[in-house]
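Please go through the fold of this protein chain with me.

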Amino acid sequence: MLMEDNLPASTASPDDGASSSLRSWLAVVAVAIGAFAFVTTEFLPVGLLPRIAADLGVLPGTAGLMVTVPGVIAAISAPGLMLVAGRMDRRRVFLLLTALLLASNLISAFAPDFLSMLFGRALLGAALGGFWTLATAASGRLVKPKDSARAMATILTGVTCATVIGVPLGTFIASFASWRASFMATGVLVAIALVAQFVFVPSLPSATALRMRDLVALLRRPHPRRSMMMVGLVFGAHFSSYTYITPFLLRNANLTMSTITLLLLGFGMIGFFSNFAVSSTVTRNLKMSVGAMVSLLMFALVAMPLLQQSPIGVAALVLAWGVSFGALPLCFSVWIQRATPDSPEAGSALFVSIIQVAIALGSLIGGVVVDHVGISADFLFGSGLALLGLAALASFGWREQIVAAESEPKSKQVMAAESIACPACTD
């Protein structure tokens with residue numbers, strides 16, 4: 001997520017100890033609702049994949065393109081939007097991106113065929129990358145400086161809530177109505193976010209712009225380059241398998257859709273708590289935290305096909321998977337900020353981009369494996385990517401991590417991330 005901490009807040013005022021106004025917090029909430037809507041829309045097909053595939057006449061693996069297409073486009077739009085937008089008022093960019101999200105949901109809800117569905121999902125991708133390059137940057141500009149960490153936490157809560165209840169809620173709506181109703185309901189939420197942003201988000205003028213040479217210079221450095229590769233492998237491991245978790249639970253594990261809905265809810269809820277639990281170790285031993293969570297992810301993916309005949313075993317592994325992925329975004333966010341303390345804007349833009357590439361390629365290759373070999377093989381493929389991620393982590397020597405953490409000054413973004421993860425650590 002691109003940080004623009006060098007930009008003046010539209011409501012610039014000294015940090016005089018006064019609390020931020022109610023209107024400022026309403027602006028933060030408006031952005032948080034948008035974050036909730038974006039994440040829900042992005043992963044809504046995961047819980048609806050079998051229904052959409054059957055209704056639009058495609059194979060489940062092909063239906064995985066609903067995750068792949070927006071991922072590819074978002075990977076381009078993450079840095080691309082900031083290069084094109086230049087110094088455009090960020091409020092206008094927010095409104096444009098949220099309007100594109102609304103169009104995406106409406107087109108998806110009324111799609112007569114799979115090609116129309118992919119067009120709607122492409123609009124999502126165009127908006128998604130740009131939104132995440134701006135969302136957390138806005139947190140420090142909408143409120144007083146002393147409230148910036150709380151504002152960022154509020155926006156990220158929208159993401160967490162989408163993980164916990166967004167996708168399961170979409171699956172629940174589809175269970176008594178249709179998958180189209182799920183997209184329509186999400187569209188209503190997006191419309192609320194759009195109106196709230198129009199009313200409450202103030203003008204956010206930009207004084208600087210990200211340059212292409214900033215991205216190129218960062219990728220020439222070994223430490224950030226290896227960090228991006230590690231992130232890509234682990235996120236690829238997750239999404240190559242998670243995209244097809246519903247067909248696996250339905251066909252291989254022979255679970256009912258109501259049980260699957262509860263399991264996906266459990267996946268999100270335990271991930272929510274895992275995010276807070278790992279905060280006690282991520283600031284003290286980042287490498288150990290990453291290694292433990294990636295190892296747990298790999299174990300869950302390897303064991304799922306082996307225990308597919310045991311409902312209790314499958315449920316336990318899904319929850320273990322949720323523990324892992326609930327903590328990994330925080331771990332990697334702190335990792336990338338520490339790897340790029342002198343170039344937080346470029347580092348954040350590339351971080352968003354590499355995640356979207358991993359989502360796109362992971363779901364695409366996973367779909368090919370599902371259609372031609374089987375879902376169990378796809379889970380083993382995901383575990384292999386996780387193993388490569390561990391190998392990439394091992395390539396960072398312990399001394400290299402100590403030097404990176406101690407010799408480089410912390411950016412304001414790292415400090416903010418740590419204060420959210422562990423408030424006591426920054427007191």
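Of the contacts (heavy atoms within 4.5 Å) in the protein chain with a separation of 6 or more, 87% are between residues 24 or more positions apart. This is a predicted model, in which local features need pLDDT of at least 70 and side-chain atom pairs count only at pLDDT 80 or more, while totals for chains, interfaces and linings use all residues. Residues are numbered from 1 along each chain as its sequence is written, and side-chain values use heavy atoms, with hydrogens and water left out.

Q: How many helices and how many strands does the protein chain have?
A: Helices (H or I, at least four residues) and strands (E, at least two) are DSSP runs, numbered from the N terminus. On that basis the protein chain has zero strands and 18 helices.

Q: What percentage of the residues in the protein chain is buried?
A: Buried means under 20% relative accessible area, exposed over 50%, and partly exposed in between, with a 1.4 Å probe and protein chains only. Among the 427 residues of the protein chain, the buried share is 57%.

Q: Which residue forms a salt bridge with Arg180?
A: A salt bridge requires a side-chain nitrogen of Lys or Arg within 4 Å of a carboxyl oxygen of Asp or Glu, and the whole structure has one. The closest N and O atoms of the pair are 3.8 Å apart, and the partner of Arg180 is Asp55.

Q: Which helices does the pair Arg180 and Asp55 link?
A: The two residues are 125 residues apart, so the pair links distant parts of the chain. Arg180 is partly exposed at 22% relative accessibility, and Asp55 is partly exposed at 44%. Arg180 lies in helix H7 (residues 179-200) and Asp55 in helix H1 (residues 22-56).

Q: Why is H10 largely enclosed by the rest of the structure?
A: Its cover includes H1, H9, H11, H13, H14 and H16. The buried residues of H10 are Ile245, Thr246, Pro247, Phe248, Leu249 and Asn252. H10 is largely enclosed because the number buried, out of its eight residues, is six.

Q: At what angle do H10 and H16 pack?
A: Helix H10 (residues 245-252) and helix H16 (residues 375-394) have axes 10 Å apart; axes are lines fitted to C-alpha atoms over the stretch in contact, and angles run from 0 to 180 degrees between N-to-C directions. The contact is made by Ile245, Pro247, Phe248 and Asn252 of H10 and Ile375, Ser376 and Phe379 of H16. The packing angle is about 135°.
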